[in-house]
Every structure is written in structure tokens, then in C-alpha cells.
Amino acid sequence: GVKAQDLNCTGTVGAVTADTVNVPAGASCILLGTQIRGDIKVFQGARLDARRVQVNGSVQADLADRVILRSGSSVSGSVQIKNSNVATISRSTILGDVQLEVNLGALTVSFSRITGQLSASKNTGTVNFLSNVNVGVDILAEENTAKVTVANNRSSGNIQLSKNTAGVSVIDNFANGNLQCVENRPFQTQSGNTVGGNLECAPF
């Protein structure tokens, strides 16, 4: 067949097939039903809004301004968003891990199916993990300096919240493993959680 190509996305791209998609520095890219055989990479100051995309590889963002995956998008690999600003994953399926590290803006992962691990570490914007299902490994939030909210999620593994410094709220989650809260301050709200293992998360 005809070889798909690497795509530099600086506008709106529809239901085409590409090998990889790069969102160059400072660019804004909207993907609507695009099929990507490899990875999406989002570069410095760039913005990605991906709707109904199918990614066979991973989604990687470093120093990006905004990354949005929504509306029935699916990623066979992992999603790694680091040193960036705002990130939103909504109503999507991620077969690998979701890693959010050292980001500045609001981070929201909601109504999504994540087969791997869902983690947020060392972020300075709010972290909201809401109504995610089938989280296949652990839900982790550590060393975040804005409020962390973990609510209505279902995890096959553990939920671990540690060393967050602007408060954590963990409500109405289900975990097959343990729910553990360690060294969070200044407050810890915990209610309505169901665990198969140990519940080590006293509210204060």
C-alpha cells in the first residue's frame, strides 16, 4: 500500500492515516479522527487537541502548553506529559501508563479507561483523577504542590497518595489493593472508599 507519512501538524487534520504526528514548537494542532501508526510528539509551547484519534504508539509531550485527549480517543502505548502546562484526558482509552510529571497547570484525567498505571508527581497545578475505570495497575500521586483530588475511580491495584503539600481529597474510589496516604499536608479528606486490602488513610 501507499506509505503514510510523518505529519507536522500546525492546524486541523481530519481522518487520515499518518506514521507519526509532530506538533512543532509554538504550533496549535487539532486532530479529528486521525489514525497514527506510531507516536504523537508535542513540542515546546505547542497545543494539541486530539478527538477520536487512534494512536498505535505513545503520546509524548515535553514543555508543551496544552495537551487534550478526548472524545473516544485511544492510545495503545503510554501517555507521558512532562514539564508542560495544562493536560486533559477525557473519555479516552489508554492501554499503557499515564505519567504526568513536573507540570505547571491544571491536570485532569476523567471518565477514561487506563490499563496501566495512572500517576502524577511533582506537579504545581491541581491534579484531578475523576471517574476513571479499569485502572489496571496503581493510581499514584506524589509530591504535588497543588490540591490533589481522586474521586470515583476503580483500580485493580493500589491507590497511593504521598508527600502532597496542598491537601488531598480521596472519595468514593474502589481499589482491589490498598489505599495508602503518607505525609500529606495540610489536610486529608477520605470517605466512601472500598478496598480489598488495607485502608491506611485517616482523614484530618
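1. The accessible surface of the protein chain amounts to about 8,600 Å², and carbon and sulfur atoms contribute 47% of that area. The model under discussion is a predicted one. Of the 204 residues in the chain, 49% are buried.

2. As to secondary structure, the protein chain has 30 strands and zero helices. Its radius of gyration is 17 Å, close to the 17 Å that the globule rule gives for 204 residues, so the chain is as compact as a globular protein of that length. The C-alpha trace spans about 60 × 30 × 20 Å along its principal axes.

3. Contacts between residues 24 or more positions apart deserve mention. Among the contacts in the protein chain with a separation of 6 or more, such pairs account for 2%.

4. With regard to charge, the protein chain carries 16 positive and 14 negative charges.

5. Asn-173 is buried, its relative accessible area being 2%.

6. The surroundings of Asn-173 may be described as follows. A polar atom of the Asn-173 side chain lies 2.9 Å from the backbone oxygen of Val-150. The C-alpha atom of Asn-173 is separated by 6.0 Å from that of Arg-154, a residue 19 residues apart from Asn-173 along the chain.

Key. Residues are numbered from 1 along each chain as its sequence is written. This is a predicted model: local features need pLDDT of at least 70, side-chain atom pairs count only at pLDDT 80 or more; totals for chains, interfaces and linings use all residues. Side-chain values use heavy atoms; hydrogens and water are left out. Helices (H or I, at least four residues) and strands (E, at least two) are DSSP runs, numbered from the N terminus. The radius of gyration is taken over C-alpha atoms; the globule rule is 2.2 Å times the number of residues to the power 0.38. Buried means under 20% relative accessible area, exposed over 50%, partly exposed in between (1.4 Å probe, protein chains only). Contact means heavy atoms within 4.5 Å. Accessible areas come from the Shrake-Rupley method with a 1.4 Å probe; for residues, only the protein chains shown count as cover. Lys and Arg count as positive and Asp and Glu as negative; His and the chain ends are not counted. The place of a charge is taken as NZ of Lys, CZ of Arg, CG of Asp or CD of Glu. A polar contact is a pair of N or O atoms within 3.5 Å; within protein, one must be able to donate a hydrogen and the other to accept it, and residues adjacent in sequence count only if both atoms are side-chain atoms.
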